[in-house]
Amino acid sequence: MDWDTLIAEAGRARERAYAPYSGYRVGSALQTEDGSVFSGCNVENRSFGATVCAERVAIGSAVATGAERISAVVVITESRPPASPCGLCLQVLTEFGNPDLPILLVNTDGERLERRLADLHPHPFEMPVQGLGRFSQ
């Protein structure tokens with residue numbers, strides 16, 4: 001994978017974030033198994049529960065084109081150290097990636113931390129019945 005391309009896409013998405021309440025802008029970019037790249041930014045709402053994270057925006061864009069598997073994810077913030085996706089986003093990532101999915105956490109100073117999905121979310125929620133979703137393994 002080309003981390004620099006994903007970082008650039010995530011950075012551009014971050015600049016478009018809608019964060020008037022927190023001022024905390026997040027960008028994300030992901031690569032699918034076929035090499036396609038999708039990006040997303042956080043979109044806040046005054047009803048905070050309606051806020052959507054950058055990672056889920058990128059995943060939604062990928063799924064809307066028919067993508068089924070993610071092979072890499074970048075998340076960029078201003079946080080020091082770079083911030084991890086929230087628990088909800090990590091759970092959603094488990095639908096479309098495997099436990100070894102590489103996630104690169106980056107901040108605007110260029111600091112990088114590479115993690116695996118299983119490192120950040122070791123015990124995801126799993127349905128007791130297999131084969132229910134179009135993405136089940």
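Leaving aside its neighbours within four places in sequence, with which residues is Asn42 in contact? Select Asn42 and then Ala17, Tyr18, Ala19, Tyr24, Arg25, Val26, Val52, Cys53 and Ala54, the residues that it contacts; contact means heavy atoms within 4.5 Å.

Before going further, note that this is a predicted model, in which local features need pLDDT of at least 70 and side-chain atom pairs count only at pLDDT 80 or more, while totals for chains, interfaces and linings use all residues. Residues are numbered from 1 along each chain as its sequence is written, and side-chain values use heavy atoms, with hydrogens and water left out.

**Stop 1**

Asn42 is placed in the loop between strand 2 (37-41) and helix 2 (54-64). Helices (H or I, at least four residues) and strands (E, at least two) are DSSP runs, numbered from the N terminus. With a relative accessible area of 6%, Asn42 is buried; buried means under 20% relative accessible area, exposed over 50%, and partly exposed in between (1.4 Å probe, protein chains only). Display the side chain of Asn42, which reaches the backbone nitrogen of Val26 at 2.8 Å.

Select Val26 next, in the loop between helix 1 (3-15) and strand 1. Val26 is likewise buried, at 10% relative accessible area. The C-alpha atoms of Val26 and Ala54 are separated by 6.0 Å, although the two are 28 residues apart along the chain. Among the residues that Val26 touches are Arg14, Gly40, Val75 and Thr77.

**Stop 2**

Five of them form an open sheet of mixed pairing, in the order 2-1-3-4-5; two strands pair if DSSP finds at least two bridges between them. Strand 2 and strand 5 (112-116) stand at the edges, each with a single partner strand, so one side of each has no neighbour in the sheet. From one strand to the next, the twist averages 20°.

Now select strand 1 (residues 27-32), which runs antiparallel to strand 2 and is joined to it by five bridges. Ser28 can be found opposite Gly40 in strand 2.

**Stop 1: the helices against the sheet**

Show helix 2, which lies across strand 1, strand 2 and strand 3 (70-77) and runs at about 140° to strand 2. Axes are lines fitted to C-alpha atoms, for helices over the stretch in contact, and angles run from 0 to 180 degrees between N-to-C directions.

In helix 3, select the buried residues Cys89, Leu90, Gln91, Leu93 and Phe96. These pack against helix 2, strand 3, strand 4 and helix 4 (117-120).

**Stop 2: the cores**

Which residues touch the most other members of the largest nonpolar core? Select Leu30, Ile70, Val73, Leu93, Leu101 and Ile103, from a core of 18 residues. A nonpolar core is a set of buried Ala, Val, Leu, Ile, Met, Phe, Trp, Tyr and Cys residues joined through side-chain atoms within 4.5 Å. Helix 2, strand 3, helix 3 (87-96) and strand 4 (102-107) each give two or more residues to this core, and helix 2 provides the largest share, four residues. A second, separate core has ten residues, including Ile7, Ala29, Ile76 and Val106.

**Stop 3: the whole chain**

Along the sequence they follow the pattern α-β-β-α-β-α-β-β-α. The C-alpha trace spans about 40 × 35 × 30 Å along its principal axes. Buried residues make up 40% of the 137 residues.

Note on methods:
Polar contact = N/O pair within 3.5 Å; in protein donor to acceptor, adjacent residues only side chain to side chain.
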